[in-house]
Amino acid sequence: MDQIKHSYIKVNGLKLHVVEIGSESSPAVIFLHGFPELWYTWRHQMIAVANVGFRAIAPDYRGYALSDVPQQPEKATFRDLVSDMASILDSFAISKAYVVAKDFGSMVGYLFALFHPEKVATIITIGLPFMPPGSHHGYLALPEGFYFRRFREPGRAEADFARFDAKTVVKKMYIVLSKSEIPIAGENQETLDLVDPSEPLPSWFTEEDLAVYGEAYSKSGFQTALQVPYRNLDDPNAYPQQGLDPKLTNVTIISGEYYLVKFSGMEDYVKSGTVQKFVPNLEVEFLPQGCHFVHEQFPDKINKLILDFLNRNKC
């Protein structure tokens, strides 16, 4: 971790926090995080790829962690995040990069490949497959108390989170999303009420790790994070409007069984082969007992899968 370099890059009017490790002359791998995460979620993978000759780069999205919060966070979009990623690579004079993305960061990665195909060598995603325009409605089949649906309601998650400091919010979300069952709050519950104060952190996530998250989110708050992805998911402008060829090549999906198979419609979509209409050269890897944070839960297994895929798809 001592070799990791932190910098702030002026991108589209905001200073974004970007972390990197590895030689500037090495092929670049850009890591895109999900929620409630930041660059640090990729600490195991960044070191692993740097150790075998890649340059690992991981930003905090605008409004997340140590990056600037946009002036109107309630108007942030997926397109903003895609534009930021392109600008980060341009600022480093990187013409093409491998993309590793997780959770909603996978959607950022897929959209980045559609808008900037010349900049993407290959994509590895954890958790979410490519979804064509208009198809992000599986969550509607889940109960009203599902956290994803609750977070889409303006003001509700803000009130839930405001009862705790940032560190406690992250702790509760890590515990909620590490369980094998889908987190469903009751009618008179909020999402964070699903975690008893006495519940311990997952064994693979330490108090020291949590402190990094708590300090970072104390700076940014959660307003941008609630807007993107949860409240911008159905944005019709997220995808290219003209000449969209929704076929992506050289993509792999890595998922914990708990995470993918219990999300409405995802299992059939992936395992039936339907997703391959859009991703012809798809590879899929399932890790039994893997949770939402499978890359932190089983870092050695995920590192091996990532490195194997990168080595098979060198350009």
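These legends describe close-up views of a predicted model.

**View 1. Phe35 and the largest nonpolar core.**
The largest nonpolar core has 111 residues. Phe31, Phe35, Met46, Phe104, Val108, Phe151 and Tyr217 touch the most other members.

Helix H3 spans residues 105–115. Ten of its eleven residues are buried, so H3 is largely enclosed by the rest of the structure. The buried residues are Gly105, Ser106, Met107, Val108, Gly109, Tyr110, Leu111, Phe112, Ala113 and Leu114. What do they pack against? One partner is a helix, H2 (78–91). The others are strands: S3 (28–32), S5 (97–102), S6 (120–126) and S7 (251–256).

**View 2. Leu32 in strand S3.**
Leu32 lies in strand S3. Its relative accessibility is 2%, so Leu32 counts as buried. Leaving aside neighbours within four places in sequence, its contacts include Gly105, Val108 and Gly109, which are among the buried residues of H3. Other contacts of Leu32 include Trp42, Pro59, Tyr61, Met85 and Val99. Ala58 is 26 residues away from Leu32 along the chain, yet their C-alpha atoms are separated by 6.5 Å.

**View 3. Helices H6 and H7.**
H6 covers residues 166–176 and H7 covers residues 207–220. Their axes lie 8 Å apart, and the helices pack at an angle of about 125°. H6 and H7 are therefore oblique to each other. H6 passes H7 in a right-handed crossing. On the H6 side, the contact is made by Ala166, Lys167, Val170, Lys171 and Tyr174. On the H7 side, Glu207, Leu210, Tyr213, Gly214, Tyr217 and Ser218 take part. By class, this contact has six nonpolar, two polar and three charged residues.

**View 4. Helices H1 and H12.**
How close do the axes of H1 (residues 43–51) and H12 (residues 299–312) come? They come within 10 Å and cross at roughly 45°. H1 and H12 are therefore oblique to each other. H1 passes H12 in a right-handed crossing. H1 contributes His44, Gln45, Ala48 and Val49 to the contact. H12 contributes Pro299, Ile302, Asn303, Ile306, Leu307 and Leu310. The contact has seven nonpolar, three polar and no charged residues. Asn303 of H12 is buried, at 11% relative accessibility. Setting aside its neighbours within four places in sequence, Asn303 is in contact with His44, Gln45 and Ala48.

**View 5. Backbone details.**
Most residues other than glycine have a negative phi, and most peptide bonds are trans. Four places in this model are worth a look. The peptide bond from Phe35 to Pro36 is cis, with omega near 5°. Pro36 sits in the loop between S3 and H1. The bond from Val228 to Pro229 is also cis, with omega near 25°. Pro229 lies in helix H8 (residues 223–231). Ala65 is not a glycine, yet has a positive phi of about 55°. Ala65 lies in the loop between strand S4 (55–59) and H2. Is Ala65 buried or exposed? At 0% relative accessibility, Ala65 counts as buried. Gln289 also has a positive phi, about 70°. Gln289 is found in the loop between strand S8 (282–287) and helix H11 (294–297). With 47% relative accessibility, Gln289 counts as partly exposed.

Definitions and conventions:
Residues numbered from 1 in each chain as written. Predicted model: local features only at pLDDT ≥ 70, side-chain atom pairs only at ≥ 80, totals over all residues. Heavy atoms only, no water. Core = buried A, V, L, I, M, F, W, Y, C linked by side-chain atoms within 4.5 Å. Buried < 20%, exposed > 50% of the residue type's maximum accessible area, 1.4 Å probe, protein only. Axes fitted to C-alpha atoms, helices over the stretch in contact; angles between N-to-C directions. Helix = DSSP H or I, 4+ residues; strand = E, 2+ residues; numbered from the N terminus. Parallel < 35°, antiparallel > 145°, perpendicular 65-115°, else oblique. Left-handed = near helix turned anticlockwise from the far one by under 90°. Contact = heavy atoms within 4.5 Å. Nonpolar A, V, L, I, M, F, W, Y, C, P; charged D, E, K, R; others polar.
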